[in-house]
Amino acid sequence: MNVPFNASFFNAGLVYARPEIFLTVAACAILMLDLLLTDAQRRWTGILAVISLCGTAALVVAQPLSTKVVALGGLFELDRMAQVLKVVTLLTVAVVFVYSTDYLRRRAIFKGEYFVLGLFATLGAMVLISAGSLITLYLGLELMSLCLYAMVAFDRDSGIAAESAIKYFVLGSMASGTLLYGMSIIYGMTGSLELDGIASAVRGGFSANLGLVFGIAFLIVGVGFKFGAVPFHMWIPDVYEGSPTCVTVFIGTASKLAAFGLAMRLLPEALGASQADWSQMLVVLSVLSMAIGNIVAIAQFNLKRMLAYSTISHVGYVLLGILSGTAQGYQAAMFYMISYVVVAAGAFGMILLLARQGFEADKLEDFKGLNARSPWFAGMMAILMFSLAGVPPFIGFWAKLGVIQAVLGVQLTWLAVVAVLFSVVGAYYYLRIVKLMYFDEPSDATAIGGSMLMRTVLSANALLVLGLGIIPQSLLQLCQRALQ
Amino acid sequence: MANLMFGGHLLSVLIWLPVIGGVAALGLGDRPTHAKWLALAVSALALLLSVPLWEMFQTGTAAMQFVERAPWISTIHAEYYIGVDGISMPLILLTTFTTVLIVIAGWSNVEKRVAQYFAAFLILEGLMTGVFASLDGALFYVFWEAMLIPMFIIIGIWGGPRRVYATIKFFLYTFVGSLLMLVALIYLYLKSGSYELAVFQRLPLSLPEQTLIFLAFFAAFAVKVPMFPVHTWLPDAHVEAPTGGSVVLAAIMLKMGGYGFLRFSLPIAPDASRTLDWLIIALSLIAVVYIGFVALAQTDMKKLIAYSSIAHMGFVTLGMFIGFQIVAHTGKTGGIEMGLDGAVVQMLSHGLVSGALFLCVGVMYDRVHSREISAYGGVINTMPKFAAFMVLFALANSGLPGTSGFVGEFLVILASFKANVWYAFLAGTTLVLGAAYTLWLVKRVIFGEVANAKVAALTDLNGREFLVLGVLAVAVLVVGVWPAPLLDVMRASTQHLAEQLLFSKVAP
C-alpha cells in the first residue's frame, strides 16, 4: 500500500502491542537474571517466568477493545479472537511451566534456558496471533518454531531428543519454506502483504484465479504441517516421543493454539472470498487426519506417541469447523482447539506427575492399576480420557457437538457421519487407558510424587474439564463473541 | 407436598441427590462400611422421595408434570428442562426401587473397592433418572452417554474373567449407535432452532428426512433394547457383569431403548415409522422366536436369562409398532394404544422379573461360584425358601397369569391379533418357548436329586436376601393381579402418543 510512512502515527499504535513489549522485556530480564542465580536459587527463574506470563495475560485482558484495531502500519492487528487466544496461550504456558518444574529438577536439567526459550516461543505465538500482515505472521511463526527446535534438543545428553530436534528442524524448515512460497505467490497475485489488502483484492475478483488457488495450496501445506494434519503429520509422533515430556506438552498445547491462529488469519480472514477452494482441500486433510490419527493410535504402546496420534485426529475435528466456512464453524473450531488444549495439558501433566528419576512413565503399562495407587489421580486421568473420547459430561463432548453442528449446517451430512464413526474408533484407545488404570493390578507400587502446587494445578485442570463440561456456556460465549 | 417441599424441584433432587451421594461415597474410599451405609441411606431416601411422584401424579392428562425449566447453554439453545409423563414416571420409580435392592443385595458380597462399587451405582441411578426425565434433546444425550461411564467401570472392575472384553464391547456398541443419534439430534436442532423434544415432535419433516432420522435413532435404541441382530453385546455384558450390574442392565438400561422409541422415534418420525414398521416388526418377531430357541440351548444361567431378556424385549418393540399394521390391515385405530400399553407394562414387568432372576443367580453364585446349569441340581432340598422364589420368578418370566409377565404379553398378543393372526401366532410362540427354557432351567437347577456335594452344603437365604427377593415377589404379584392403577397412570400418555403416530408430519 502506498501510504507514506508516518513515524508518530506508527508510534501511537505501539500501545496495542503493550503485552508483547512487556513480555519481551520480561523475557530478556529473566535471561539476564538467570545468569546471576546459583543452582540453588534457580527456581526463581521459573517463578518469575510464571509471574510475567500472568502479568502479560492481565495486560491483554486490560486492553479495551470495541472493534478490530489495525496498528503499526498494518503489521499488527488486535481483535477479540487475538485477545482470547493470547490469554489462553499465556495461561497454558504458565500451567506448563508449573508442570515442568518438578520434572526438570528430577532430570537434573533444571536450567533457566527452558523458561526463557519458552517465553520467547510464547512471544512468537502472540505475534503470530496478532499478525496483520504476512510478514509479521511469518516472523511470529519462525520465532516460535526456532525456540521450539531448541527446546526439543534442550536435554543435550539425550540422543533421542537430539534426533527429534533435527527431524523437527528439517521438516519444520521445509514447511516454513513452503508457507513462505505460498505467501509470495499470494503477494504476487494480490499485490498486498496486509491481510486486509489481500482480502479486498480476493473479494474484488481474484477468487477464481488459478494462480491464487496455487498459492492457497502451498499455504495449506504449511498450515497443515504446523497443525500436524495428515499427510503432513510425519514429524508429530517422533517429536512427541523424543522430546523431554515437559517440551512435548509445550508443543502439544501452546503451539497448537498458534497454529490455529495462523489458520484463522490466513484462511478465513485473508482468503475468505475463496473459501470454496480451501474448504475442499481441508475436507481431504480433515478426513485423513481423523482416519489415520484414530486408527494408528490404537497400535501405540507409548503414551506420548498415542497422544501424538490423538492430536492428529483432533486436528481433523478442528479442521471440520474451519472448513465449514461459517462464523458458527469458526467459533466451534476455536472452542474445540481451546478445550483440546486444556485436556491435553492435563494428560501430559499426568505423565509428568508419574515420571520420576530414571523413569519416564510414558508407556501405557505405567498407568496400570493407578486406581489402586491413587484413586484421586486415576479419577482425574479418567476424566481427561473420557473428555478426549468425547463422552459427556466433559468438555470434549461439546467441542465435538459444535464441529458436527458446523458441518451439518453446511449440508455436509456425510462428513458428520464420518466424524462420529471415527470418534468411536478413537474411544477405543482412550478406554484402554481407563481399563489399564481401573481393571488391572498395579505392577509398580511407588507412591505418586509431585509437589503440592503441581498436584493442585493438575487437579484443578482436570476438574475444569468436568466443570466446563457441565456448564460450557461461558467458554462457548467467549468463542462466540471472539468470532462474530 | 414433597414437591412443594423442594420448591418444585423434586425431580432435580431425584437426579442429583444420588449423584452427590455417589461422589461423597467416593470420598469415603478407605472406609467401606461408612460408604455402604451412606449408599443405603441415599438410595432409600431417593426411593422415598420418588413415591410422591406416583402419589401426586395427575392421571387425566398427557402433559408433562413436575416440570422444571431453566436456561442452561443459551448459545445452542439447550435448556435444563425436565418433567415426567405417564410413561417415564413409572420407569423412574423402577430405577429408584431397583437401586435400593441392588445396594442391599451387594451388601456383603463385594470384596474389592467397596466404596467405589456403591458410588458407581448411586451415580448411575441419578444419571438414569435424568435420562427418563429429560425433555431437552441435549440434556437427554448428556445423561444417556454419561451413564455409560459408571456401567463401563462396574463391569470392568467387579466383573467376571472376560470382563474387559465384555465391557469394552458394551461401551463401543452403545457408543456407535448413540453418536448417530447425536447427528440426528443436531440436525433436528438446526432445523428447528431448539433442542426441546416437544418442538422436535411438532416439526414438519419430509419423508426422506424422517427416514434418515428414524434410522439414526434406530441405531441408538436398537442397540440398547437390544434388538436382533445388534444384541450380541448383551449376553457378554450380562455374563461378565457383577450381579448388581446385570440387574441394572436388565431392569433399567434395556428399557431406555424402548423408552427412546416411544419418546423419539415414534413421535418425531411417525411417517418413517409407518413406512419402516415392517423392519421393526420383523426384527422383533425374529427376536421372539429365534432368540427363544437360542435361550433354550444355553448352559450358563446368566446367558439364558440374557437371551430371554432379548426375546422379551422383542415383545416390547413389537407392541410399539404393531399399531401401524392394525391401521393398515383393518383401517381402525383401536388397537394402537393396546400395543403401546402392553409394551410399557412389559418393560416394567421385565424390569422386575429379569432383575429378580439375576438376583437369584447371584444368590447361587455367591455360594457355589459357578453359573453353569450343570453345577446345580436339587437346590430345593437345601434351599427351600429360595426355590419358592425362583419358581415364582420363573413362572412370571414365562408369562403365567397372575404375575406381571402376563399382563404385558397378553396386551401385545391381543393387539397383534387385531393386525394379523400370523403376527399373533408368532408372538404367541414366546409363551411356549419362554415356558420351555425357563421351566427347563428350573427343573435342572432347582428340582431333582441333590447333584453334588456343593449343592448339599448350600445354606438357605439369609434375612437380607429374603428381604430383597420378597419385595420383588410382592411387586411382581401386585402388578400381575391388579395392573389397573398402572394402566390408569399411563393411559393419557399412550393415548396422546397414539394420536401423534397417526398424524402425518410430511408437509402436504
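Me: Hi! Quick one to start: is Arg113(B) buried or exposed?
Reply: Arg113(B) is buried, with 20 other C-beta atoms within 10 Å. A residue counts as buried if 20 or more other C-beta atoms lie within 10 Å of its own, as exposed if 12 or fewer do, and as partly exposed in between, with C-beta atoms placed from the backbone. Bear in mind that this is a predicted model, where local features need pLDDT of at least 70, side-chain atom pairs count only at pLDDT 80 or more, and totals for chains, interfaces and linings use all residues. Residues are numbered from 1 along each chain as its sequence is written, while chains are lettered from A and ligands numbered from 1 in the order in which they are written.

Me: And where is Arg113(B) found?
Reply: Arg113(B) is in the loop between helix H4 (88-105) and helix H5 (114-133) of chain B. Helices (H or I, at least four residues) and strands (E, at least two) are DSSP runs, numbered from the N terminus. The phi of Arg113(B) is near 45 degrees, a positive value in a residue other than glycine.

Me: What about phi of Leu72(A)?
Reply: Leu72(A) has a positive phi too, near 55 degrees. Leu72(A) sits in the loop between strand E1 (69-71) and strand E2 (76-78) of chain A, and is partly exposed, with 19 other C-beta atoms within 10 Å.

Me: Switching to chain B's strands: in which sense do E1(B) and E2(B) pair?
Reply: Strand E1 (residues 65-73) of chain B and E2(B) pair in the antiparallel sense over six bridges; pairing requires that DSSP finds at least two bridges between the strands. Arg69(B) stands opposite Tyr81(B) in E2(B). The hairpin has four residues between the strands, and His77(B) there takes a positive phi near 55 degrees. Five of the seven residues of E2(B) (residues 78-84) are buried, so E2(B) is largely enclosed by the rest of the structure.

Me: OK, the interface. How many residues of chain B are in contact with chain A?
Reply: 27 residues of chain B are in contact with 26 residues of chain A, where contact puts the C-beta atoms, placed from the backbone, within 7 Å. Helix H6 (137-146), helix H7 (148-158) and helix H8 (163-192) of chain B each supply at least two residues of that side of chain B. H8(B) gives the most, with 14 residues.

Me: Last one: how many helices and strands does chain A have?
Reply: Chain A has 20 helices and two strands. Of its 484 residues, 58% count as buried. The C-alpha atoms of chain A fill a box of roughly 70 × 60 × 40 Å along the principal axes. Chain B comes to 23 helices and two strands, and 61% of its 508 residues are buried.

Definitions and conventions
Two residues are in contact if their C-beta atoms, placed from the backbone, lie within 7 Å.
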